[in-house]
Amino acid sequence: MKKYFTDEKTGISYTLVGDVYLPNLVSTETNFEIGHWGQQHHDYIKHYHKVFFYSLLTGCALNSCLHDVDVRATEMYDRLVKQLKEQQGITEKLKAADMIQWVAAMNNIANRAREIVWNEITGGGE
């Protein structure tokens, strides 16, 4: 018996394992690790856009989509924090001089950036 076999009708290739041919199935789903923003987007589309969610899921594109959203949202968040720090003059000098004021300012900036990114990944929704 041949080790590999391809069915001409279906185009599916098989590998001989023991006495049985098993199909060579390849998943089109990638296995990216999904971060905070990807998980947030997952929950949002699963709850508010069920048809889109299940379309991605059954089309083996959910993980790739969530990874893409996660990467773009993380970059956007980091860029926004940096820009807002510069606009408000939040520096390491302030951190050294008045830690409480620096922490309050950074918390404010982080919250604003999170809200902007959230509105972007949800289209301004809930």
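This is a predicted model: local features need pLDDT of at least 70, side-chain atom pairs count only at pLDDT 80 or more; totals for chains, interfaces and linings use all residues.
User: Which residues of the largest nonpolar core touch the most other members?

Analyst: A nonpolar core is a set of buried residues joined through side-chain atoms within 4.5 Å. Here the largest core has 18 residues, and Y77, I90 and V117 touch the most other members. Two or more residues come from each of α3 and α5 (99–122). The largest share, 8 residues, is given by α5. There is also a second, separate core of 7 residues, with I34, F53, L62 and L66 among them.

User: How are α1 and α2 oriented to each other?

Analyst: The angle between axes decides the class; 65 to 115 degrees counts as roughly perpendicular and over 145 as roughly antiparallel. The axes of helix α1 (residues 36–48) and helix α2 (residues 50–58) cross at roughly 120° and come within 5 Å. The two helices, α1 and α2, are therefore oblique to each other. On the α1 side the contact is made by H42, I45, K46, H47 and Y48, and on the α2 side by K50, F52, F53, Y54 and L56. By type, these contact residues are 6 nonpolar, 2 polar and 2 charged.

User: Is N63 buried or exposed?

Analyst: Buried means under 20% relative accessible area. N63 has 13%, so N63 is buried. This residue lies in helix α3 (residues 62–88).

User: What lies 2.7 Å from the backbone nitrogen of F32?

Analyst: A polar atom of the side chain of N63 lies 2.7 Å from that nitrogen.

Definitions and conventions:
Residues are numbered from 1 along each chain as its sequence is written. Side-chain values use heavy atoms; hydrogens and water are left out. Helices (H or I, at least four residues) and strands (E, at least two) are DSSP runs, numbered from the N terminus. Buried means under 20% relative accessible area, exposed over 50%, partly exposed in between (1.4 Å probe, protein chains only). A polar contact is a pair of N or O atoms within 3.5 Å; within protein, one must be able to donate a hydrogen and the other to accept it, and residues adjacent in sequence count only if both atoms are side-chain atoms. Axes are lines fitted to C-alpha atoms, for helices over the stretch in contact, and angles run from 0 to 180 degrees between N-to-C directions. Angles under 35 degrees count as roughly parallel, over 145 as roughly antiparallel, 65 to 115 as roughly perpendicular and the rest as oblique. Contact means heavy atoms within 4.5 Å. Ala, Val, Leu, Ile, Met, Phe, Trp, Tyr, Cys and Pro count as nonpolar, Asp, Glu, Lys and Arg as charged, and the others, Gly among them, as polar.
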